[in-house]
Amino acid sequence: MVQRVGLYPGTFDPITLGHMDIIRRGSKLVDKLVIGVTTNPSKSPLFNLDERLAMVRRECAGIDTEIEVRPFDSLLIDYARSVGASMILRGLRAVADFEYEYQMAGMNQYLDASIETVFLMADVALQPIASRLVKEIAGLGGDISKFVSPDVRDDVMAQLSARKA
Ligand code: ADP
């Protein structure tokens with residue numbers, strides 16, 4: 001039987017409850033989910049690549065579907081092809097994501113029409129969560145425990161205090 005492989009790409013700096021909800025929903029649609037963690041140095045991430053890979057692996061440990069967490073820095077569509085993915089999963093939050101995601105999915109259709117982009121909506125309560133705001137709130141001393149797991153919260157607090165030291 002042909003295995004259905006999905007690719008969920010992102011920066012995951014850090015992985016949030018919104019990402020986790022998309023991963024849980026996406027994992028039900030595929031036999032294997034590859035989570036592609038971008039190196040993305042242009043975003044100057046709070047966590048380096050190895051830290052983000054380790055965090056995503058730890059957070060996904062309890063999920064039944066086969067999950068593979070891998071770094072990538074190539075063109076998304078090429079990377080999808082190289083891991084045998086027939087679909088790219090993306091989370092769609094209200095209006096903010098639409099323009100960018102619409103363009104990216106459209107361009108990717110030109111690059112390889114055989115790979116489908118599938119948009120998933122996170123639980124309504126998790127919609128507003130964005131890694132960028134999690135970092136901003138934590139940096140200003142706010143409580144991020146409603147947006148990330150307790151382990152990720154500890155990682156963010158430790159990273160921020162290491163930076164200040
Ligand atoms: P962010 O956009 O928060 O910096 P990523 O680049 O890691 O995070 O995002 C990876 C994917 O996850 C994107 O498709 C993004 O739209 C989606 N995503 C992130 N947060 C949420 C959320 N709260 N609800 C739904 N999708 C989300």
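Helices and strands here are DSSP runs, numbered from the N terminus; a helix (H or I) has at least four residues and a strand (E) at least two. The model shown is predicted.

View 1. P14 sits in the loop between β1 and α1. The peptide bond that runs from D13 to P14 is cis. Its omega is near 0 degrees. F12 belongs to the loop between β1 and α1 as well. F12 is not a glycine, yet its phi is positive, at about 50 degrees. Is F12 buried or exposed? F12 is buried, because its relative accessible area is 1%, and buried means under 20%.

**View 2. Strands β1 and β2 run parallel.** Strand β1 covers residues 5–10, and six bridges join it to β2. Find L7 and look across to β2: V34 stands opposite. Strand β2 spans residues 32–38. How many of the seven residues of β2 are buried? Seven of the seven are, so the strand counts as mostly covered. Now sort the residues of β2 by direction. K32, V34, G36 and T38 point one way. L33, I35 and V37 point the other way. Residues on both sides of β2 are buried.

View 3. Start with Y8. An N or O atom in the Y8 side chain is 2.6 Å from an oxygen atom of the ligand. The side chain of R90 also has an N or O atom by a ligand oxygen, at 3.2 Å. How much of the ligand does the protein bury? Taken alone, the ligand exposes 540 Å², and the protein buries 91% of that.

View 4. Side chains of opposite charge can pair when their charged atoms come close. In the salt bridge between R25 and D21, the N to O distance is 2.7 Å. Helix α1 runs over residues 17–27. R25 and D21 are four residues apart in this helix, so about one helical turn separates them. The two partners differ in cover. D21 is buried, because its relative accessibility is 13%. R25 has a relative accessible area of 33%, so R25 is partly exposed. This bridge belongs to a model in which the count comes to 13 salt bridges.

View 5. D155 and R58 form a salt bridge, with their closest N and O atoms 2.9 Å apart. Where do the two partners lie? D155 is in helix α6 (residues 150–164), and R58 is in helix α2 (residues 49–59). The pair therefore ties together parts that are 97 residues apart in sequence. D155 counts as partly exposed, because its relative accessibility is 22%. R58 is partly exposed too, with a relative accessible area of 34%. Look around the pair for its network. R58, E59, D151 and D155 are linked by salt bridges.

View 6. R132 and E136 lie in helix α5, which covers residues 131–139. They are four residues apart, about one turn of the helix. Their salt bridge has its closest N and O atoms 3.5 Å apart. R132 has a relative accessible area of 55%, so R132 is exposed. E136, at 44%, is partly exposed. A138 is in helix α5 as well. Is A138 buried or exposed? A138 counts as buried, because its relative accessibility is 4%. Compare A138 with T11: they are 127 residues apart in sequence. In space they are 18 Å apart, C-alpha to C-alpha.

**View 7. L75, Y110 and L111 make a nonpolar surface patch.** The patch has an area of about 390 Å². Y110 is found in helix α4, which covers residues 98–111. Y110 counts as exposed, because its relative accessibility is 76%.

Definitions and conventions:
Residues are numbered from 1 along each chain as its sequence is written. This is a predicted model: local features need pLDDT of at least 70, side-chain atom pairs count only at pLDDT 80 or more; totals for chains, interfaces and linings use all residues. Side-chain values use heavy atoms; hydrogens and water are left out. Patches are made of residues with over 30% relative accessible area and no salt bridge: like charges are joined within 9 Å, nonpolar side chains (Val, Leu, Ile, Met, Phe, Trp, Tyr) within 5 Å. Accessible areas come from the Shrake-Rupley method with a 1.4 Å probe; for residues, only the protein chains shown count as cover. A salt bridge is a side-chain nitrogen of Lys or Arg within 4 Å of a carboxyl oxygen of Asp or Glu. Buried means under 20% relative accessible area, exposed over 50%, partly exposed in between (1.4 Å probe, protein chains only). A polar contact is a pair of N or O atoms within 3.5 Å; within protein, one must be able to donate a hydrogen and the other to accept it, and residues adjacent in sequence count only if both atoms are side-chain atoms. Two strands pair if DSSP finds at least two bridges between them.
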